Amino acid sequence: MRWTKGPALGAAAVLAVGGLAAGCGSSSNDKSSTGGASTAASSGGGKSYDMTLITGVKGDEFYVTMGCGAQAEASRQGVNLNIQGPDQFDPSLQTPIVNAVAAKKPDAVLIAPTDSKAMFAPIQQLSSGGSKIVLVDTTLDQPAVAVSQISSDNVAGGRQAAAAISRLVGGSGKVAIVNVKPGISTTDQRSQGFKDGLRASPGLSFVGEQFDDDDPARAASITKSMLAKDPDLKAIFATNILAAEGVASGLREAGKRGVRVVTFDAGPKNVEDLRAGTVQALIAQDPAAIGRDGIDQAVAALKGTTTKPRITTGFTTITRDNLSDPASQAAIYKSGC
Ligand code: T6T
């Protein structure tokens, strides 16, 4: 089996590689894990805007890589960018950060809301204070508060995961989902896309979905309890980085070989698990492109030029067969810029 690019992969992904390379060459580090340093604008010529990127969680390589893409573009555009994020993917921890940022009234805020409902009021408050809002990665049930939303096509990614699992198990057997928590737009959509995609493979039987609260230890114990309940489980779809890490640990701890795993995201640990054969395919998003496009949309909104209400970035499907290809290597998330 050899997969290369996912269906949504195109110019966006190619551009993202360029953005990421620029990020790695810049002087910025992982602001989302250092608690919010800011980098002064170094170029430009016009007005220098102050922007903040509020990630879903600190230290997660998806958001680190998004921060690298955003920082590279901010430096290019002469934007002062500050990057912050909560310690956990949790609206009760993200809200105080949003409130503190609102008090500073930055020109624009790029934000990945940790809950599609609970984060609406704090984000609306930011907008009422005059900051332009760009939703990056996750979105809100009421996204009109934002000038632009930028993300992967998460429904399509979930469908792609179902098709990949169907191929891996020969079209029949029990399959399950390990998800993060309800209310996160991205992972809800991946789960929805996966369930839709299963309809194309009537031989697959869906035995359920469980939520790990973005905790890999919980994902590992969920995996072991799924195996105890269904010892003939054939495959698991893990909907994000930490779910994937936990599912891989759970399979190792259970000493279970032969269960096929397809995951969203491509952090360094996910790649190790792919190399070791515990995981069979990683659907890598393009977080650097999301960060870069987020800065561009915010600048356009502030300058009063045309913004794009919706931007969809691409995927790269990474398997052991194509892992050494330059496109796969470029799609692996970074732990620092
Ligand atoms: O999968 C990404 C992101 O797209 C999602 O919204 C939350 O989880 C990640 O950050 C990975 O941990």
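Me: Which residues are around the ligand?
Reply: A residue is near a molecule if one of its heavy atoms lies within 4 Å of it. Here the residues around the ligand are Asp 60, Phe 62, Tyr 63, Phe 89, Asp 137, Thr 138, Thr 186, Arg 190, Asn 240, Ile 241, Asp 265 and Gln 285. This is a predicted model, in which local features need pLDDT of at least 70 and side-chain atom pairs count only at pLDDT 80 or more, while totals for chains, interfaces and linings use all residues. Residues are numbered from 1 along each chain as its sequence is written, and side-chain values use heavy atoms, with hydrogens and water left out.

Me: Which domains does the shell around the ligand draw on?
Reply: Domain bounds come from an automatic or database domain assignment. Domain 1 (20-152 + 287-313) and domain 2 (154-284) each give at least three residues to the shell.

Me: How far is the side chain of Asp 60 from the ligand?
Reply: A polar contact is a pair of N or O atoms within 3.5 Å. An N or O atom in the Asp 60 side chain is 2.4 Å from a ligand oxygen atom.

Conventions: A polar contact is a pair of N or O atoms within 3.5 Å; within protein, one must be able to donate a hydrogen and the other to accept it, and residues adjacent in sequence count only if both atoms are side-chain atoms.
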